[in-house]
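Here is a short briefing on one protein chain. Take the overall picture before the individual residues.

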Amino acid sequence: MKKRILLGVISGLIAGGGLAGCGEQKMAEGAKTEDTNAASVNAAWPQLSSPITKDPAIEARIDELLARMTVEEKVGQMVQVEIRTATPEDVKQYHIGSILNGGGSFPNDNKHATVADWVALADEYYKASVDTSDGGVGIPMIWGTDAVHGHNNVIGATLFPHNIALGATQNPELMRQIGAATAAEVRATGIDWIFAPTLAVVRDDRWGRTYESYAEDPQVVYNYAGKLVEGLQGSADTEERLQGKHVIGTAKHWLADGGTENGIDRGDAVMSEEELVKIHAQGYFSAIEAGVQSVMASFSSWNGEKMHGHKYLMTDVLKDRLGFDGFVVGDWAGHQFVNGCSTDSCPQAINAGLDMFMAPDPSWKALFANTVAQAKSGEISAERLDDAVRRILRVKMRSGLFEAGLPSERANAGDESLIGAPAHRAIARQAVRESLVLLKNNDGLLPLARDQRVLVAGDGADNIGKQSGGWSITWQGTGNQNSDFPGATSVFGGIAEVVESAGGTVELSVDGNFEQKPDVAIVVFGEDPYAEMQGDIANLDYNGDADLALLQRLKAQGIPVVSLFITGRPLWTNPEINASDAFAVIWQPGTEGGGVADVLFRKVSGEVNHDFTGKLTFSWPNDAQPIVRNPGENEALAQFSYGYGLGYEDNVQVAVLSEESGLIESDGNEALAVFNGRAMDPWSLQVTDAGNNQSVISSSVTRLQGISVQSVDRKVQEDSRRLRWTGEGNAIAGFFANSRTDLSAYLGNQGALMFDVKVDSAPSDAVSLGMYCGQDCGAEQSITDVLQSAAPGEWKTVTVDLQCLAAGGAKMDMVLSPFYVRTAGSLDVTVHDIRIASKADADINCG
Ligand code: BGC
Ligand code: BGC
């Protein structure tokens with residue numbers, strides 16, 4: 001039986017593996033004055049001041065409230081629940097202080113929920129939160145949502161280009177307008193708080209969240225973050241800061257989410273503290289200086305330690321040194337990955353400085369109960385509890401929540417005219433125009449005259465879901481139709497309007513077949529939508545064989561070809577560029593596709609309408625091999641450097657580019673050793689014990705909770721590992737890496753995962769053999785029967801068909817763990833010689 005894994009517990013292993021040291025700690029510049037934490041915090045971190053200062057009246061009011069609150073009420077403020085797993089009645093009963101809707105989560109599970117539905121639901125939760133019929137204090141809840149490029153869960157909202165495109169505009173002032181427009185649309189639905197901006201500074205573009213990043217240059221992220229926060233929350237000169245049409249913003253994901261090794265989502269950022277300060281923290285500096293009121297902890301780790309449990313970075317640095325006096329919220333049950341934690345218990349995170357758990361799954365009730373018990377027992381101190389609650393109440397009071405009343409009665413609530421308002425769409429369209437980056441324009445093909453016969457081809461031409469990318473109505477941005485975006489304009493729609501208004505003709509044909517030979521072909525193609533986890537890739541190759549064939553076919557017919565490339569990151573596209581006369585990167589423009597035609601076509605008079613002004617804030621690769629980007633470095637590996645982008649005045653001919661991908665393809669003939677007496681590079685033997693503690697096994701005998709590992713001899717000294725599970729709970733042992741291995745050649749070559757095993761004590765419960773490729777990526781295969789039927793004490797070889805694991809969800813080109821074993825029962829086995837082989841006769845097949 002194959003089984004798709006959804007096992008949160010194993011993802012921690014990846015980050016748990018990076019145990020590199022902190023590196024150089026001395027830095028040139030830093031805090032100037034005496035600091036209470038000077039002894040413990042690296043001096044490179046600046047002391048910052050927020051324009052939203054502490055108000056003694058608010059602090060006194062918090063004191064008064066805290067004095068009346070029970071432990072249960074306090075913990076309730078610290079648990080954020082999700083609208084799919086907690087009802088208004090739950091909010092009342094557990095004194096819950098906050099709710100969220102995740103990506104693709106809507107009132108009544110209705111994708112087409114109306115503005116009125118959103119507001120009505122906000123009312124219900126609000127009423128439940130302020131209910132004092134049980135004699136409690138009744139504190140109004142805040143609702144947080146991922147409005148990461150506009151109010152992206154709401155039908156009809158303005159969707160702005162994703163952050164990578166905004167970086168290309170080089171226009172920080174525009175961020176303020178985008179923030180304000182987004183906030184207004186969010187307020188219309190009765191929601192108070194936004195989980196944006198993402199301040200990642202991406203180092204490795206294989207990361208599936210690269211598009212949520214403004215730039216590979218921390219300076220750009222610094223320049224943008226504060227402006228966006230001011231737009232969302234309002235600035236000092238705003239009458240209603242945090243109120244009215246403004247919301248509470250969140251700087252995320254603290255810290256170095258964009259710096260994980262090999263671009264692995266939720267992975268480990270292995271780097272010095274200096275790099276944290278100089279690269280990854282820059283956006284937070286300007287966000288705090290603009291008054292951001294919440295910060296979200298990252299799923300990722302720094303040098304092997306999970307951010308959700310990182311006291312030094314959350315408390316000593318962020319709160320004490322940087323002076324952040326708002327609250328830190330967790331990320332989607334991210335506390336479970338802290339050593340020793342689970343979804344339903346993690347005092348470690350609170351003690352490290354997390355103020356609010358994001359607890360979206362049904363285990364939130366147990367989390368609440370356990371946290372109450374830990375607060376009562378003193379495992380979480382009274383000071384820490386009060387500090388966490390104080391921070392949450394401070395932000396609630398600053399945003400006027402205690403006086404705001406029912407969501408539906410607040411200014412702007414229910415105002416449908418704000419959703420997709422023409423003024424907001426105009427800002428988005430401007431952002432689209434300014435974000436387009438022209439890589440090639442040979443013989444000055446662009447700008448185009450309007451009165452021509454234009455063929456518009458490619459699967460991105462009339463596809464608003466595709467042009468919007470991830471976090472668009474649904475979480476991954478998949479499964480949408482154009483009808484899910486009322487009021488939006490596709491790239492084709494914009495072109496048709498311009499051309500037809502001037503007497504030209506347009507023909508839309510996805511496959512590029514036409515009725516009448518066109519004067520010019522515009523082909524819109526590129527990446528399909530994705531979001532976190534699912535968007536990670538193994539290399540930078542754009543796998544667009546069909547698109548390339550289409551471009552070449554059109555060119556062969558003598559038709560000038562303009563390529564418009566939809567993408568969330570730089571990808572190696574030299575073959576596609578060679579097959580195009582002009583090539584522009586349009587990123588993921590969102591709902592206002594008309595901005596593309598604004599730039600592509602001349603005015604009727606023949607003059608340039610809008611020039612291309614976008615510049616690359618991520619360098620564009622010259623082959624498909626991953627490169628780690630640092631500003632100013634690796635320029636030799638860029639086909640188009642950081643800052644590149646042609647305008648119509650530029651007279652540049654791009655010569656034929658190299659079509660060597662740089663990828664070495666294994667033929668999958670030679671067996672690949674995973675464990676051969678020692679763990680083969682890049683893997684190490686790692687264990688997650690029954691207490692969810694992760695460790696890299698580096699000694700010959702290791703006893704952990706519910707599992708032990710010992711080096712033993714079969715043919716030669718210590719050529720095997722004995723793995724013993726005691727049955728105390730789910731525990732995993734396996735070979736994990738911080739980099740990906742491509743096993744796809746084996747898949748096509750009758751490949752199998754093979755290992756020798758000796759069973760000394762048969763399993764008492766189900767045993768799974770797994771392959772892992774990232775959070776929610778991988779497959780498990782039952783080996784219970786194989787182990788149960790094995791003759792005790794005798795060696796046998798087990799051979800598992802790779803097809804089974806691939807069919808179960810393991811992506812063979814990006815494997816992080818080729819082999820792990822998981823059971824909650826007792827088991828005593830010894831393993832030897834683990835390898836990936838080809839032309840194997842598998843004894844575990846699926847089908
Ligand atoms: C993401 C966050 C997001 C949260 C709520 C997480 O998985 O990492 O960016 O805010 O989910 O949807
Ligand atoms: C949920 C989304 C959420 C995401 C966060 C998904 O499983 O469906 O709503 O935003 O997880 O990781």
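A residue counts as buried when its relative accessible area is under 20%, and as exposed when that area is over 50%. By that cut-off Leu-769 is buried, because its relative accessible area is 0%. The model is predicted. Buried residues make up 64% of the 847 residues in the chain.

**Overall build**

- The protein chain holds 24 helices and 33 strands.
- Its radius of gyration is 28 Å, close to the 29 Å that the globule rule gives for 847 residues, so the chain is as compact as a globular protein of that length.
- Along the principal axes, the C-alpha atoms fill a box of roughly 85 × 75 × 55 Å.
- Among contacts with a separation of 6 or more, 79% link residues 24 or more positions apart.

**Surface and charge**

- The accessible surface of the chain is about 28700 Å².
- Carbon and sulfur atoms account for 47% of that surface.
- The chain carries 66 positive and 111 negative side chains.
- The centres of these two sets of charges lie 2 Å apart.

**Nonpolar cores**

- The largest nonpolar core has 174 residues.
- Trp-45, Tyr-214 and Trp-254 touch the most other members of that core.

- Leu-769 lies in strand E29, which spans residues 767–774.
- Glu-403 is in helix H15, residues 401–404.
- Is Glu-403 buried or exposed? Glu-403 is exposed, because its relative accessible area is 52% and the cut-off for exposed is over 50%.
- Leu-769 and Glu-403 are 366 residues apart along the chain, and their C-alpha atoms are separated by 56 Å.
- Glu-403 and Pro-140 are 263 residues apart in sequence, yet 9.4 Å apart in space, C-alpha to C-alpha.

**Trp-118**

- Helix H5, residues 115–130, contains Trp-118.
- The relative accessible area of Trp-118 is 0%, so this residue is buried.
- Which residues does Trp-118 contact, leaving aside neighbours within four places in sequence? They are Asn-101, Ser-105, Phe-106, Pro-107, Ala-113, Trp-143, Asn-153, Val-154, Thr-189 and Ile-191.
- Pro-107, one of these contacts, sits eleven residues from Trp-118 along the chain, with 6.1 Å between the two C-alpha atoms.

**Thr-799**

- Thr-799 is part of strand E31, residues 795–801.
- Thr-799 counts as buried because its relative accessibility is 4%.
- Its contacts, apart from neighbours within four places in sequence, include Ala-752, Leu-753 and Met-754.
- Thr-799 is also in contact with Ala-840, Asp-841, Ala-842, Asp-843 and Ile-844.

**Cis peptide bonds**

- Lys-252 and His-253 are joined by a cis peptide bond, with omega about -5°.
- His-253 is in strand E6, residues 250–254.
- A cis peptide bond also runs from Asp-681 to Pro-682, where omega is near 10°.
- Pro-682 is located in the loop between strand E21 (672–675) and strand E22 (684–688).

- His-95 is not a glycine, but its phi is positive, at about 55°.
- The loop between helix H4 (88–93) and strand E3 (98–101) holds His-95.
- Arg-266 is not a glycine either, and its positive phi is about 70°.
- Arg-266 falls in the loop between E6 and strand E7 (268–269).
- Is Arg-266 buried or exposed? Arg-266 is buried, because its relative accessible area is 8%.

Key:
Residues are numbered from 1 along each chain as its sequence is written. Chains are lettered from A and ligands numbered from 1 in the order in which they are written. This is a predicted model: local features need pLDDT of at least 70, side-chain atom pairs count only at pLDDT 80 or more; totals for chains, interfaces and linings use all residues. Side-chain values use heavy atoms; hydrogens and water are left out. Helices (H or I, at least four residues) and strands (E, at least two) are DSSP runs, numbered from the N terminus. The radius of gyration is taken over C-alpha atoms; the globule rule is 2.2 Å times the number of residues to the power 0.38. Buried means under 20% relative accessible area, exposed over 50%, partly exposed in between (1.4 Å probe, protein chains only). Contact means heavy atoms within 4.5 Å. Accessible areas come from the Shrake-Rupley method with a 1.4 Å probe; for residues, only the protein chains shown count as cover. Lys and Arg count as positive and Asp and Glu as negative; His and the chain ends are not counted. The place of a charge is taken as NZ of Lys, CZ of Arg, CG of Asp or CD of Glu. A nonpolar core is a set of buried Ala, Val, Leu, Ile, Met, Phe, Trp, Tyr and Cys residues joined through side-chain atoms within 4.5 Å.
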